[in-house]
Amino acid sequence: MGIFSYQSLAPLNSILNSVAAVLLLAGFVCIRWGWVRAHRAFMLSAFATSAAFFTSYVIYHYHVGDVRFQGHGWVRPVYFTILVSHVGLAVVIVPLALITLWRALHGRFQAHRRIAIWTWPIWIYVSITGVIVYLMCYQLYTPGYRVVALLSLKPPWK
């Protein structure tokens, strides 16, 4: 039986965002080169990866709650500007990605292309800024929750 901590989902979320960004870039390159089947595979993989991210993100925040950003000074407005734009566009990207995917899967390629020119830049921005938010909140500054060592001999309530 392994030891699991919900805090371990934060780096997983960042990894999933990174993978989604790479898949989105690969899908973009493939469609530019006319490799439609590869484009489809990369974009479906990016969608599945983003869905896995969203599931992990909801589980993480349900169990861990809010994590306060610990940076001070000039970095705070930078962080919150990135965070607010990330969250706002993350809400927008969900219906855009679903509509874009739906149109492609139903062979409505002109309609797919019309919306994809909006969907792709927002989606790549959300994926990349998700990684930046993780790095700023968890790696550059200590998270704003009590981190309990997984292998500690003391119970966390002492």
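**Helix packing and a buried threonine**

Visitor: How do helix 2 and helix 3 pack in this predicted model?

Guide: Helix 2 (residues 36–64) and helix 3 (residues 75–105) pack at an angle of about 145 degrees, with their axes 12 Å apart; axes are lines fitted to C-alpha atoms over the stretch in contact, and angles run from 0 to 180 degrees between N-to-C directions. Helices are DSSP runs (H or I, at least four residues), numbered from the N terminus. The model is predicted, and its local features need pLDDT of at least 70, while side-chain atom pairs count only at pLDDT 80 or more. Residues are numbered from 1 along each chain as its sequence is written.

Visitor: Which residues of helix 2 meet helix 3?

Guide: Arg40, Leu44 and Phe47 in helix 2 meet Ala97, Leu98, Leu101 and Leu105 in helix 3, where contact means heavy atoms within 4.5 Å. By class, this contact has 6 nonpolar, no polar and 1 charged residues.

Visitor: Why is Thr129 called buried?

Guide: Thr129 has a relative accessible area of 4%, and buried means under 20% (exposed is over 50%, partly exposed in between, with a 1.4 Å probe and protein chains only), so Thr129 counts as buried. The residue lies in helix 4 (residues 109–140).

Visitor: What makes the pairing of Thr129 and His86 a polar contact?

Guide: The side chains of Thr129 and His86 are joined at 2.8 Å, and a polar contact is a pair of N or O atoms within 3.5 Å, of which, within protein, one must be able to donate a hydrogen and the other to accept it.

Definitions and conventions. Side-chain values use heavy atoms; hydrogens and water are left out. Helices (H or I, at least four residues) and strands (E, at least two) are DSSP runs, numbered from the N terminus. Ala, Val, Leu, Ile, Met, Phe, Trp, Tyr, Cys and Pro count as nonpolar, Asp, Glu, Lys and Arg as charged, and the others, Gly among them, as polar.
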